[in-house]
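Subject: Structure for you to look at

Hello,

Here is the structure I said I would pass on.

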Amino acid sequence: MIRTEAWVLYEGSPTQSADDLPTAELKKEIYSFPDITDHEVLVEPIYGSWEANMSHALERRPVDICRQRGEEKIVLGNAGVVRVLKPGSRVASLQEGDLCMVFCNGVWDELGYPAKILAYDAPGTMGLLAKQMKLNEKNLIKIPEDTKYKLEQWAAFSLRYVTAWANWKLTYGCLRLQLPESLSPSPWVWGWGGGVTLAELTLAQFSQCRVAMVASTDERLSLIKQMDIVPIDRRRFPNLAYQQDRYQSDTSFKMAYQESEEIFLEMVDEYTNKQGVSIFVDFIGLPVFRATLKALARPGVITTAGWKEGMHLSLMRAVECMKWHTHVHTHYARYEEGLEAVEFGEKNGWMPPLDETVYDWYVIPQLAQEYFEGKVDSYYPLYQVNEP
């Protein structure tokens, strides 16, 4: 057995609801796990990136992930950079000292598509909130030895940029099947959301797309503008948060929502010359879904690889058919797509903007709480586990 220091999430009580606590408690303790097998690798995490799935686990929303895995306790953290300490006897591609990006496909199907995610819903897996951890060799992608970029950037790249790569490849392909470049050489691509959306919009720029992103703070709007993305100030339509029951029963809510939706759609018309958005990247879900569909061009694509607010959506199928709207849903990436993303990112400078704030190992619960409270303004919140 291998023993290491880790931040551990324990299973909640069967009667506990997601509303009982703002977040479940992470406990720092000595964590034990079995020695590596022939195809596994012992590593030490260096930098990790705090991801939305980690907050979902702490909020026990939509499920208690420990209970779903049938495990009393788990170690979260499925994005970041690690150093190889010891490769298994049948691992030929890695050696001691190699720096690698974590590829978090924990369980994959016969075609290589993710079925369960490492250090989240994949049973028996552990994450970067530990001083040491073990991974399958297919959970690691070697960082180019002569990389021009910092390890912190590769940590931020590992989940969000890989997700964006796989999602954009399918999404853009769907659009071009309907709308060839000869008809629309520079389509509009808009986005709701955070780090994955930002990554996807910067990737869209390489395809000569015009891009816009919605944000609600001066810091984020400034960053978006610096990256040559049109910043759309969310504060101009503050009540664009659709709730079906309140919309039907609360007249004041309905009027406030309709006013915000009208402002938003007028902005879409202004920027797109009333042609609509060809691709809308939506990682939010229910609160903005209705407005997003109205903003879509004909034809148009709405795409996501995750959700933040509201998993269950409804739509008018006949309208979507008549408008030639394509709905794309992806989930992380295949291993080959991870390799493609790394190669493209290194070659073309498609990398996360570097954030100076890195949370120390001993204040990780503070990062978790500040992320939950919306106090973390970075699109790529990072924490350090071991020395680089």
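A residue counts as buried when its relative accessible area is under 20%, as exposed over 50%, and as partly exposed in between, using a 1.4 Å probe and protein chains only. Cys209 has 8% relative accessibility, so this residue is buried.

Some background on the source. The model is predicted, so local features need pLDDT of at least 70 and side-chain atom pairs count only at pLDDT 80 or more, while totals for chains, interfaces and linings use all residues. Residues are numbered from 1 along each chain as its sequence is written, and side-chain values use heavy atoms, with hydrogens and water left out.

Cysteines

A disulfide is a pair of cysteine sulfur atoms within 2.5 Å. How many disulfides does a search of the whole structure find? The search finds zero. For Cys174, the nearest cysteine sulfur belongs to Cys209 and is 14 Å away. Cys174 counts as buried because its relative accessibility is 18%.

Aromatic rings

A pair of aromatic rings is described by the distance of the centres and the angle of the planes. Rings of Phe, Tyr and Trp (its six-membered ring) pair if their centres lie within 6.5 Å; planes under 30 degrees apart count as stacked, over 60 as edge-to-face and the rest as tilted. There are 27 aromatic pairs in the structure.

One of them joins Tyr161 and Trp350: the planes are at 50° and the centres 4.7 Å apart, so this pair is tilted. Tyr161 sits in helix H3 (residues 151-178), and Trp350 in the loop between helix H10 (335-348) and strand E17 (358-359), so the pair links parts of the chain 189 residues apart. Helices (H or I, at least four residues) and strands (E, at least two) are DSSP runs, numbered from the N terminus. Both Tyr161 and Trp350 are buried.

Trp168 and Tyr172 make a stacked pair, with 5.1 Å between centres and 20° between planes. These two residues are both in helix H3, four residues apart, or about one turn of the helix. Trp168 has a relative accessible area of 5% and is buried; Tyr172, at 14%, is buried too.

Ring pairs also build a cluster, whose members include Trp154, Phe157, Tyr161, Phe344 and Trp350.

Charges over rings

A charge sits over a ring if NZ of Lys or CZ of Arg is within 6 Å of the ring centre and within 35 degrees of the ring normal. Lys28 does this over Trp7, at 5.9 Å from the ring centre, and Arg334 over Tyr113, at 5.6 Å.

Regards
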